[in-house]
Amino acid sequence: MAEHTYDYDVIVLGSGPGGYVAAIRAAQLGLKTAIVERENMGGVCLNWGCIPKKALLHNAEVLETVRDEAKEFGITFDNLQVDFSSATKRSLGIVQKQTKGVSFLMRKNKIDVLEGHGSFVDAHTLKVTPSEINPEAPEKSVSAANIIIATGGRARGLPGVEFDGERVLHYRHAIRPEEQPKSMAVIGAGAIGMELGYFYSTYGTELTVIEMMDRVLPNEEPEVSDEVQKSFKKKGINILTGTMTEKVEVTDEGVTLSVKNVADGSTQSINAEKVLIAINIVPNTETVGLVEAGVEADARGFVQVDEVMRTNVPHIYAIGDCTGKLALAHVASAMAIVAAETIGGVETIPIPDEKYKFMPRCTYCKPEVASLGMTEAQAKEAGYELNIGKFPYLPNGKSQALNAKSGFVKLIADAKYGEILGAHIVGPQATELLPEISLAQFMEITPAEIARTVHAHPTLSEIIMEAAHGVEGHPIHL
């Protein structure tokens, strides 16, 4: 029997940081590749998430430095003018450059870009139809020997509460504000809520953050959460932890939230011009034809994959947020390379479930937060005997030069073998410091070896070295 001929070796459904990376790696391996995108190249990360948000946050950091710290640097001025709209314009300019860059990479690697909404007809065939963003896209049917699902996720709402983009917002609305609200409530004190909350608050929006768990950034080390919460309160932000949002009512003036304290059952009302709901995501899988393809998903719609991103259908793979593993852009990119290399038949590095906890986790508010692995409590619960090193920013010379007065690095290691079990950083450039520890953990480098690695002076990276010395019981500058 003649072998079946397909239009492509690989079709990638979705062009976010998972999808476009998978397409590029597949093309590099000599596979004829296409990518399907219903909106904009680069997906949520480049257009609505990571990139524009970091641009807004840097604007806020510059404003905070100029407004609140200038005198400490010997700089004084009169009549400071702040244009809120130019922050959005700047972020959009960066987005356009980045998305053009992704389109260039598609051309460079000879990847066909199919505009429109893709859905399975059967396990090897996709129907591509016009979408809201691409209404002129021609309808077509394409087939592939292998298909990678990279459709991402979207904001999860509260039951009975509709996003209207005017009063009730999700991250897409909040990332491209037309005007600055005088007041805002943020439901959810995870990374998105804290990052966007910091941006709006720095520009002068009266902010209330509501979190059902007992602390902000509830997945982080408690000491880190405390540091961030203390900083936010110092900025005048109202923080309500251990508080459940029971009702959101849109009024003529804005929104009224009914909230309840989880511990004592007391209730209160919060009025704000707008509310941002930042509680979690749901996968974009309900309209891609998983049933037609025979692909299994869990009750929430997340596609189930193995350590090389293969679904229950051997030639169909899934990566990124739609798998429910860890909804971070860099995780999607890592999964993408594994999937493409598996399809291409070359050696790869699988990602079993236990490895996701060691993926870098970053929150870009001020102070920044970066972490990987387990918290101290989680490591103890897992039965490890621990050695812990903690070193503050303040004694570090570069930190003082940057006017950084708070923050710390905490390393958690297995006392028996020296394996790094967790790393937690809060303070300036925390997200830039984490990769050293990420590499060390991946390569099974111990804190003792980090401590004996010569770090340039003066640098913030010396705080990592000092924390590593601390794990060994002999911090030098503390």
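**Close-up views of a predicted model**

**View 1. Strand β19 and its two partners.** Strand β19 (residues 369–373) is mostly covered, with five of its five residues buried; buried here means under 20% relative accessible area, against over 50% for exposed and partly exposed in between (1.4 Å probe, protein chains only). Helices (H or I, at least four residues) and strands (E, at least two) are DSSP runs, numbered from the N terminus. The model is a predicted one, in which local features need pLDDT of at least 70 and side-chain atom pairs count only at pLDDT 80 or more, while totals for chains, interfaces and linings use all residues. Residues are numbered from 1 along each chain as its sequence is written, and side-chain values use heavy atoms, with hydrogens and water left out. Strand β18 (residues 361–363) runs antiparallel to β19, joined by three bridges; two strands pair if DSSP finds at least two bridges between them. A hairpin of five residues links β18 to β19, and T363 stands opposite V369. Strand β19 also pairs with β22 in the antiparallel sense, over five bridges, and there G373 faces G422 as its opposite residue.

**View 2. The covered helix α14.** Look next at helix α14 (residues 461–471), where eleven of its eleven residues are buried. Among them are I463, I464, M465 and V471, together with E462, E466 and H469. The cover over these buried residues includes the strands β20 (386–392), β21 (408–414) and β22 (420–426), and also the helices α12 (430–442) and α13 (447–451). Just after α14, G473 takes a positive phi of about 95°.

**View 3. A five-stranded parallel sheet.** Here five strands form an open sheet in the order β8-β15-β9-β10-β11, with parallel pairing. Its edge strands, β8 (168–169) and β11 (238–240), each pair on one side only. Strand β10 (residues 206–210) meets β11 in the parallel sense over three bridges, and T208 has N238 as its bridge partner in β11.

View 4. T205 sits in the loop between α6 (191–202) and β10. Is T205 buried or exposed? T205 is buried, because its relative accessible area is 3%. Leaving aside neighbours within four places in sequence, T205 is in contact with Q180, P181, K182, S183, M184 and Y200, contact meaning heavy atoms within 4.5 Å.

**View 5. Helix α3 against helix α4.** Helices α3 (residues 50–69) and α4 (residues 84–108) pack at an angle of about 145°, their axes 8 Å apart. Axes are lines fitted to C-alpha atoms, for helices over the stretch in contact, and angles run from 0 to 180 degrees between N-to-C directions. The contact is made by residues including I51, L56 and H58 of α3 and R90, I94 and Q98 of α4.

**View 6. Helix α1 against helix α9.** The axes of α1 (residues 19–28) and α9 (residues 329–344) come within 8 Å and cross at roughly 30°. From α1, V21, A22, R25 and A26 make the contact, and from α9, S333, A336, I337, A340 and E341.
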